[in-house]
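Subject: Structure for your attention

Dear colleague,

Please find below the sequence and the structure that I am handing over to you. My findings follow directly after it.

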Amino acid sequence: MIWIDPEQYCIIIPKGDTGLFTVNIFDSYVDEETDMAVFAVWRKNQINEQPLIKKVLPIIDGAVVILLKEDDTKDIRGGDYNWDVMLFKNIKGSGEIEEDESISNVFSERHSLLSDSHRGLPTFRILEVNDVGI
């Protein structure tokens, strides 16, 4: 089960659990056919590193649906991390993304949907689970 604090955007999930939630995109210039979103989780204050979790998502009806599966968190140590949904806009060229190509090389704009200059990125908390529960 997943818990989300709507004021702080803090996500809490037991390690190896599943959860589903939606992030609305309040951007009137979104082109759902060519723009895309990426959900990512990083070590706390380490957004320049490779994300621990990364999901490339379509934008449908002004929102992205994020499904966290057991495999997404089962190998990540319990603790606090940062998360964000980034909006990639204005695809360059043909719109095809090569398998080894960085998403940021294909799009001309990247926008964080959750970054706050005062608080930074919201928390993604993974709870350790043992054989007697959380």
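I begin with a salt bridge: the side chains of D72 and K55 meet at 2.9 Å, N to O. Please bear in mind throughout that this is a predicted model. D72 belongs to helix 1 (residues 70-73) and K55 to strand 5, so the pair ties together parts that are 17 residues apart in sequence. Both partners, D72 and K55, are buried.

**The surroundings of K55**

K55 has a relative accessible area of 16%. Buried means under 20%, so K55 falls into that class. A polar atom of the K55 side chain also lies 3.2 Å from the backbone oxygen of L67. Apart from neighbours within four places in sequence, K55 is in contact with A37, V38, F39, L67, L68 and D72. Strand 5, where K55 lies, runs antiparallel to strand 4, and five bridges join the two. Within this pairing, V41 stands opposite I53 of strand 5. Strand 4 is mostly covered, with seven of its eight residues buried.

**The other salt bridges**

The count of salt bridges in the model comes to five. One of them is formed by the side chains of K15 and E128, at 3.8 Å from N to O. K15 sits in the loop between strand 2 and strand 3, and E128 in the segment after strand 9, so this pair ties together parts that are 113 residues apart in sequence. How accessible are the two partners, K15 and E128? K15 is partly exposed, with a relative accessible area of 26%, and E128 is likewise partly exposed, with a value of 41%.

A further salt bridge joins the side chains of K74 and D71, at 3.6 Å from N to O. Here K74 is partly exposed, with a relative accessible area of 38%. D71 has a relative accessible area of 55% and is exposed. The cut-off for exposed is over 50%, so D71 passes it.

**The nonpolar cores**

Which residues touch the most other members of the largest nonpolar core? Of the 24 residues in this core, they are F21, F39, V64, I66, W83 and F124. At least two residues of the core are supplied by each of the following strands: strand 2 (10-14), strand 3 (19-24), strand 4 (36-43), strand 5 (53-57), strand 6 (63-68), strand 7 (79-91) and strand 9 (123-127). Strand 7 provides the largest share, namely four residues. A second, separate core consists of seven residues, including M36, A40, M86 and F88.

Not counting residues up to four places away in sequence, I66 touches G19, L20, F21, V23, F39, L57 and V85.

**Aromatic residues**

There are four aromatic pairs in the structure. In the pair of F39 and W83, the ring centres are 5.8 Å apart and the planes stand at 50°, so the pair is tilted. F39 is in strand 4 and W83 in strand 7, so the two tie together parts that are 44 residues apart in sequence. Both of these residues, F39 and W83, are buried. F39 and W83 also belong, with F21 and F124, to one aromatic cluster.

Is D80 buried or partly exposed? At 35% relative accessibility, D80 counts as partly exposed. The side chains of D80 and R125 are joined by a polar contact of 2.6 Å. Leaving aside neighbours within four places in sequence, the contacts of D80 are K44, T123, F124 and R125. D80 and L127 are 47 residues apart in sequence, and their C-alpha atoms are 8.8 Å apart in space.

With kind regards

Note on methods. Residues numbered from 1 in each chain as written. Predicted model: local features only at pLDDT ≥ 70, side-chain atom pairs only at ≥ 80, totals over all residues. Heavy atoms only, no water. Core = buried A, V, L, I, M, F, W, Y, C linked by side-chain atoms within 4.5 Å. Buried < 20%, exposed > 50% of the residue type's maximum accessible area, 1.4 Å probe, protein only. Contact = heavy atoms within 4.5 Å. Phe/Tyr/Trp six-rings, centres within 6.5 Å; stacked < 30°, edge-to-face > 60°. Salt bridge = Lys/Arg side-chain N within 4 Å of Asp/Glu carboxyl O. Polar contact = N/O pair within 3.5 Å; in protein donor to acceptor, adjacent residues only side chain to side chain. Pairing = 2+ DSSP bridges.
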